[in-house]
Amino acid sequence: MRILAIETSCDETAVAVVEASGGMKRPQFRILSNVVASQIKIHAKWGGVVPNLAKREHQQNLPIVLNKALKEARLLKITKRIPNINLIAVTVGPGLEPALWVGINFAHDLNKVWDKPVIGVNHMEGHIWSFLLSQKTEKPKLQITNYKLLFPALALLVSGGHTELVLIKDWLKYKIIGQTRDDATGEAFDKVAKMLGLPYPGGPQIAACAAQISKSKFLISKQIPNFKFQIKLPRPMINSKNYDFSFSGLKTAVLYLLRDIEAGKFGFRKIPFNDCLKRSQLPIPLVAEICKEFQQAVIDVLISKTIKAAKHYKVKTIIIGGGVAANKELRKQFKQKISDVALTSDSKYKYDLLDLLLPDMNFTTDNAAMIAAAAYFSALKRKFRDTKKLKANGNLSFSTKQ
């Protein structure tokens with residue numbers, strides 16, 4: 001099955017052409033093209049995505065991105081106006097509704113011209129199956145991915161707009177067992193980065209600054225004699241009996257910490273900036289310490305909640321997806337935790353069956369290839385829709401009837 005997929009849920013305009021085969025038992029994907037036009041530079045000065053600006057850019061970019069994707073997939077024929085595809089897939093939610101409508105309307109127009117069936121895809125479902133996609137060979141667009149997935153599985157979805165734990169009992173059988181009650185993980189990273197004077201998007205900036213911690217400790221000991229200040233932030237809801245998350249309080253804790261610092265409570269003096277912190281008005285070592293502790297607080301909560309849910313539901317596979325899945329420290333510590341769990345023994349649960357599936361870095365952020373992967377499984381179940389009935393749903397959930 002050859003699928004052309006369209007993704008416009010937020011600030012990436014993406015089109016991909018993917019070949020899928022193997023059915024539910026041995027699904028395989030070959031990426032013929034995967035084109036993404038990012039809008040980060042446009043939204044950076046606002047510190048976040050502006051829906052109407054995103055809509056305008058999608059409208060301008062989609063025809064260009066489509067043409068490039070078809071060209072890379074070698075589907076542009078001068079004598080043939082209809083490309084050799086079997087299916088059109090488009091993201092219908094969740095996301096920014098003005099942006100979503102651009103993609104849906106575009107798919108509708110293609111349906112009228114090409115007369116190809118259309119499937120509406122849940123964006124978060126795309127993130128679940130993004131681990132199926134791989135571009136590690138010398139010829140990445142020819143890569144075919146095989147994998148081993150054991151049910152029940154548990155997906156941790158962490159992005160700028162979502163933090164969810166999704167129990168997957170079988171193909172296309174999803175149940176949300178935990179989600180954020182306020183800020184999503186990526187949103188918290190962006191807001192804390194803004195407090196610290198770091199550029200948007202905040203996740204990569206905080207991770208980069210946190211990685212400087214060794215250098216920062218040296219600067220602290222050298223430039224701030226008798227330094228005894230220890231940064232300690234809370235781990236919200238880490239011991240709660242449910243699987244929900246909350247990062248608003250953690251963000252507020254950083255705000256109060258910065259207020260105390262600005263009030264001179266800890267007696268810091270200014271230290272020259274480095275490239276990472278050009279916009280920050282705080283001492284470099286202090287910013288790095290805050291980034292390190294904030295990032296670790298988030299990681300501790302995500303891992304603790306996920307492992308706790310995995311044990312409760314006796315899952316055999318853990319999947320991580322979403323933009324925050326690109327965080328190297330999160331990936332590293334998750335792998336270590338899974339390894340540690342595998343070494344333990346429990347009469348009620350065989351931890352040695354627990355496996356961790358991570359997407360390639362290229363597929364953690366929004367892209368259309370993951371939408372094609374999710375569409376393939378829906379197509380096998382014949383979940384086609386009249387394009388006139390497709391609607392954008394900014395709050396689309398796995399529990400929403402589509």
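How many salt bridges does a search of the whole structure find? In this predicted model, the search finds 9 salt bridges. Side chains of opposite charge can pair when their charged atoms come close.

One of these pairs is formed by the side chains of E19 and R2, with a distance of 2.5 Å from N to O. Since E19 belongs to strand β2 and R2 to strand β1, the pair ties together parts that are 17 residues apart in sequence. Both E19 and R2 are buried.

A salt bridge also joins the side chains of R181 and D244 (3.2 Å, N to O). This pair links distant parts of the chain, 63 residues apart: R181 lies in the loop between β8 and α5, and D244 in the loop between α7 and α8. R181 is exposed, with a relative accessible area of 54%, whereas D244, at 18%, counts as buried because the limit is under 20%.

Within helix α5, E187 and K191 lie 4 residues apart, about one turn of the helix, and their side chains meet in a salt bridge of 3.0 Å, N to O. E187 is partly exposed at 27% relative accessibility, and K191 is partly exposed at 30%. Salt bridges with shared partners join D183, E187, K191 and K251 into one network.

Helix α2 comprises residues 51–72; its 22 residues should span 32 Å at 1.5 Å a residue, which agrees with the 29 Å between its end C-alpha atoms. The helix bends by about 40 degrees at N61, and the proline P63 follows within four residues. The buried residues of α2, including L53, H58 and L66, pack against β1, β2, β3, α1 and α3.

Definitions and conventions: Residues are numbered from 1 along each chain as its sequence is written. This is a predicted model: local features need pLDDT of at least 70, side-chain atom pairs count only at pLDDT 80 or more; totals for chains, interfaces and linings use all residues. Side-chain values use heavy atoms; hydrogens and water are left out. Helices (H or I, at least four residues) and strands (E, at least two) are DSSP runs, numbered from the N terminus. The expected span of a helix is 1.5 Å times one less than its number of residues. The bend at a residue is the angle between axes fitted to the seven residues ending there and the seven starting there. Buried means under 20% relative accessible area, exposed over 50%, partly exposed in between (1.4 Å probe, protein chains only). Contact means heavy atoms within 4.5 Å. A salt bridge is a side-chain nitrogen of Lys or Arg within 4 Å of a carboxyl oxygen of Asp or Glu.
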